Amino acid sequence: MSSSIPTLDAQALLAQVRALGEVGSGAPGDGRTRIALTDADRAGRDLLVQWMRELGLDVRVDRIGNIFGVLHAATHEGDRQPLMIGSHIDTVRNAGALDGCYGVLSGLAVARAWRAAGLAPSRAIVVAAFTNEEGVRFQPDMMGSLVYAGGMALQAALDVVGIDGVRLGDELARIAYAGELEPGAIAPLEYLELHIEQGPILEAEGQSIGVVENLQGISWQKITVHGTANHAGTTPLRLRHDAGYAAAAVVAFLREHVAAPSGGTTLATVGSLRFEPDVINVIARKATFTVDLRDPDEQRLQAAERRLGDFLVELAQREGVEIETERLARYEPVVFDAGLAAEIEAAAVRLGYASRRMTSGAGHDAQMMARIAPAAMIFVPSRAGISHNPREHTDDAQLVQGAQVLLEVVRRRLANVQGEGRLC
């Protein structure tokens, strides 16, 4: 018999997390790799769509490849006021099993709870999986939700060329996920996202639930230094125009003069660095690297960008090199909806889970969706703060607790709307 109260099926959720984690998996210890719009990503998408259809959800795909599973409301009015739960299923290389996927599958768990109870919700519940959140192959990251929220033109996104030289729109068509729905056509009344923290704070403080109040601003740049290749043994230091040295100077400057003076709020990372000709006994003629700047305060983030820009001008003059910069992504800090954050905190209290308010250091689809609807996020702990790594781990009990909080929040939000009915 079905229950009249939507209840979490924890075992089904954990089984789906494990099953999706096998898609794109490599050798033991290598994690899984489902980079956006690859064959592995298509396999993950196919599995997700299969699960959505098994629940009787109305599956729709938009033109940027975002996937939506709609549990329709008991009334037409309820369908016009959907509550969306989302995240992503693409990964970085050699990833853990939880980043993004846990949030999407927890959304499915919420829809499953209503199905098992034999109820049609008072408002439609939409489970979303957004395209290219990680931004490994195509940039910017969080592209699917960015296009959906109107922050990037659809055609511009489709025309993006990836690091492997292929066009995004062509790859969407190749894997059969170039849908017909216009991005933004399903307008959520509210948006929720459940995610692993990807940081050490909750575990270190013994907290079960993170109530995410805001999200850091992010600035991504690609910097190219053009120097002069020459013999490593015959060219005096004073006569060098060394692209490699200039790149190293920027890395040191970011740590010592951008990140350190902020008191820890500004984070600066060089995550990719390439030299040409990449030969041990030749001075580098070219260096190409990325800079990732983050801060929860927009003014501090702008100040960090200015300090870096001024240093690049001074460095180019001093070393006799040319320096080019290209902006890859720029997102202002986001403050999430206070009412939803309070609802999450109250749900944790009712369920007896210790919680804390916090800032997200990573970017998420929720920051894009916050442009068009009240949005908030729920975090669960990450062991040792490890993510984007095969050793990414959250205990099953903690995953279940996060999903229970999500379900409790959804139940409360939908309880405020008349019209919930039993399925025929």
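The mean positions of the 40 positive and 53 negative charges of the protein chain are 0 Å apart, where Lys and Arg count as positive and Asp and Glu as negative, with His and the chain ends not counted, and where the place of a charge is taken as NZ of Lys, CZ of Arg, CG of Asp or CD of Glu. The model is a predicted one, in which local features need pLDDT of at least 70 and side-chain atom pairs count only at pLDDT 80 or more, while totals for chains, interfaces and linings use all residues. Residues are numbered from 1 along each chain as its sequence is written, and side-chain values use heavy atoms, with hydrogens and water left out.

The protein chain has 13 helices and 16 strands, these being DSSP runs numbered from the N terminus (helices H or I, at least four residues; strands E, at least two). Its radius of gyration is 23 Å, close to the 22 Å that the globule rule gives for 424 residues, so the chain is as compact as a globular protein of that length; the radius is taken over C-alpha atoms, and the rule is 2.2 Å times the number of residues to the power 0.38. Along the principal axes, the C-alpha trace spans about 85 × 45 × 40 Å. Of the 424 residues, 55% count as buried, a class defined by a relative accessible area under 20%, with exposed meaning over 50% and partly exposed in between (1.4 Å probe, protein chains only). Among contacts with a separation of 6 or more, 80% are accounted for by residues 24 or more positions apart, contact meaning heavy atoms within 4.5 Å.

An unreviewed UniProt entry places the feature "domain: Peptidase M20 dimerisation" at residues 216-312; such annotations may be inferred rather than shown by experiment, and the feature names are shortened and the positions given in the numbering used here. Over residues 216-312 the chain is 33% helix and 28% strand, and the end C-alpha atoms are 24 Å apart. The loop between β8 (217-226) and α9 (243-259) holds His 231, which is partly exposed at a relative accessible area of 43%. Apart from neighbours within four places in sequence, His 231 is in contact with Asn 281 and Ile 283, whereas 48 Å separates its C-alpha atom from that of His 393, 162 residues away along the chain.

Two cis peptide bonds can be described. Glu 276 and Pro 277 are joined by one with omega about 5°, Pro 277 lying in the loop between β10 (273-276) and β11 (286-295). The bond from Gln 139 to Pro 140 is also cis, with omega near 10°, and Pro 140 is found in the loop between β5 (125-129) and α5 (143-148).

Positive phi values occur at Asn 94, about 55°, and at Ala 176, near 70°, neither residue being a glycine. Asn 94 is situated between β3 (83-87) and α4 (101-117), in a loop, and is partly exposed, with a relative accessible area of 40%. Ala 176, in the loop between α7 (168-174) and β6 (190-196), counts as exposed at 64% relative accessibility.

Glu 392, although located in the loop between β15 (375-380) and α13 (396-415), is buried, with a relative accessible area of 8%. Not counting residues up to four places away in sequence, Glu 392 touches Gly 96, Ala 97, Leu 98, Asp 99, Ile 196, Ile 386 and Ser 387.
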